[in-house]
Amino acid sequence: MSKKPIIVFEGIEGSGKSHHISIVSKYLKNNKIDYLKIREPGGNPNSEKIRKIILSNKSNFNKNTDLFLYMAARSENISQIQKYFHKKIILIDRFTDSTIAYQHYGMGVDINLIKTINKFLLKNIKVDFTFLNLVNNKNLYERLKKRKSLNRYDKFNMKFYNKVQRGFVKLSNINNRKYQLINSNLNIEKNEKIILNKIDKLIK
Ligand code: TMP
């Protein structure tokens, strides 16, 4: 049996990441291809509890507490990922790059601390491919404005999101694994096609 990949979707708010993962998930379902889909923070009942606490508008944790909560939510996902690692296609809506992009590049938490905890949690788990979704300020602003409700992480200023997005791009340049950058300011159907074409190649 060929090894099934872990495919991650990353990007800031309004970058189309969650839309694209849902397109892929529908495509796999329609083709009766088995897969596991996880979102972070969240993905299972325990992590979803932690997600609620982190993203609640009533919370005002400091940046280190946020880091530990995101990692706690990840910790609750690891056994499930481990169980299906290489056996099932695993789609993840945000993963380790999000922690470095938001908590380090966005908020200034020590990058080595983040890498150490990720390494401790992930052990042999490795991401095979990342779709990094990018959005410009105009579309980001308009897409956030359209949301019915905004959580605690939807309310940062443009400067913060720009730092985070630049961080994601930096990671795609320095990490020793494969990325595809998706420009979500362009035609949505074209992007969907680009992504599904790549998915075909990744899963065959
Ligand atoms: P979502 O709305 O895409 O589900 O993501 C929720 C928020 O969590 C989003 O603003 C990014 C943030 N986040 C981090 O700051 N660090 C992390 O490690 C993860 C997984 C998410």
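Modeller: Welcome! Before we start, one term: a residue is called buried when its relative accessible area is under 20%, and exposed when that area is over 50%. Keep in mind that this is a predicted model.

Biologist: Thanks! Is Tyr102 buried or exposed?

Modeller: The cut-off for buried is under 20% relative accessible area. Tyr102 has 4% relative accessibility, so this residue counts as buried.

Biologist: How many aromatic pairs does a search of the whole structure find?

Modeller: A pair of aromatic rings is described by the distance of the centres and the angle of the planes. Searching the whole structure in this way gives an aromatic pair count of 10.

Biologist: What kind of aromatic pair do Tyr102 and Phe160 form?

Modeller: Tyr102 sits in helix H4 (residues 96–106) and Phe160 in helix H7 (residues 158–174), so to speak distant parts of the chain, 58 residues apart. Their ring centres are 6.2 Å apart, with 55° between the planes. An angle over 60 degrees would count as edge-to-face and one under 30 degrees as stacked, so this pair is tilted.

Biologist: And what kind of pair do Tyr102 and Phe168 form?

Modeller: This pair also links distant parts of the chain, with Tyr102 in helix H4 and Phe168 in helix H7, 66 residues apart. The ring centres are 6.1 Å from each other and the planes make an angle of 80°. Planes over 60 degrees apart have their own label, so the pair is edge-to-face.

Biologist: Is Phe168 buried or exposed?

Modeller: Its relative accessibility is 1%. Because that value is under the 20% cut-off, Phe168 counts as buried.

Biologist: Which residues do ring pairs link into a cluster?

Modeller: Tyr102 belongs to this cluster, together with Phe160 and Phe168. With the other members included, the cluster is made of Tyr70, Tyr102, Tyr153, Phe156, Phe160, Tyr161 and Phe168.

Biologist: Some rings have a lysine over the face. Which residue lies over the face of Phe120?

Modeller: One such arrangement has Lys88 over the face of Tyr84, at 4.2 Å from the ring centre. For Phe120, the residue over the face is 4.6 Å from the ring centre, and it is Lys123.

Biologist: Let's turn to the ligand. Which residues around the ligand come nearest?

Modeller: There are 14 residues around the ligand. An oxygen atom of the ligand is 2.3 Å from a side-chain N or O atom of Glu13, and the corresponding distances are 2.9 Å for Lys17 and 2.8 Å for Arg94. The residues that come nearest are Glu13, Lys17, Arg94, Thr99 and Gln103.

Biologist: How much of the ligand does the protein bury?

Modeller: Taken alone, the ligand exposes 480 Å². Of that area, the protein buries 94%.

Biologist: Which helix gives the largest share of the shell around the ligand?

Modeller: Helix H2 (45–55), helix H3 (63–84) and H4 each supply at least two residues of the shell. By class, the shell has 5 nonpolar, 3 polar and 6 charged residues. The largest share is 4 residues, and it comes from H4.

Biologist: One last stop: is Lys201 buried or exposed?

Modeller: Lys201 is found in helix H8 (residues 188–203). Its relative accessible area is 56%, which is over the 50% cut-off, so Lys201 is exposed.

Technical notes: Residues numbered from 1 in each chain as written. Predicted model: local features only at pLDDT ≥ 70, side-chain atom pairs only at ≥ 80, totals over all residues. Heavy atoms only, no water. Phe/Tyr/Trp six-rings, centres within 6.5 Å; stacked < 30°, edge-to-face > 60°. Buried < 20%, exposed > 50% of the residue type's maximum accessible area, 1.4 Å probe, protein only. Lys NZ or Arg CZ within 6 Å of the ring centre and 35° of its normal. Near = heavy atom within 4 Å. Polar contact = N/O pair within 3.5 Å; in protein donor to acceptor, adjacent residues only side chain to side chain. Areas by Shrake-Rupley, 256 points an atom, 1.4 Å probe, with all protein chains shown as cover. Nonpolar A, V, L, I, M, F, W, Y, C, P; charged D, E, K, R; others polar.
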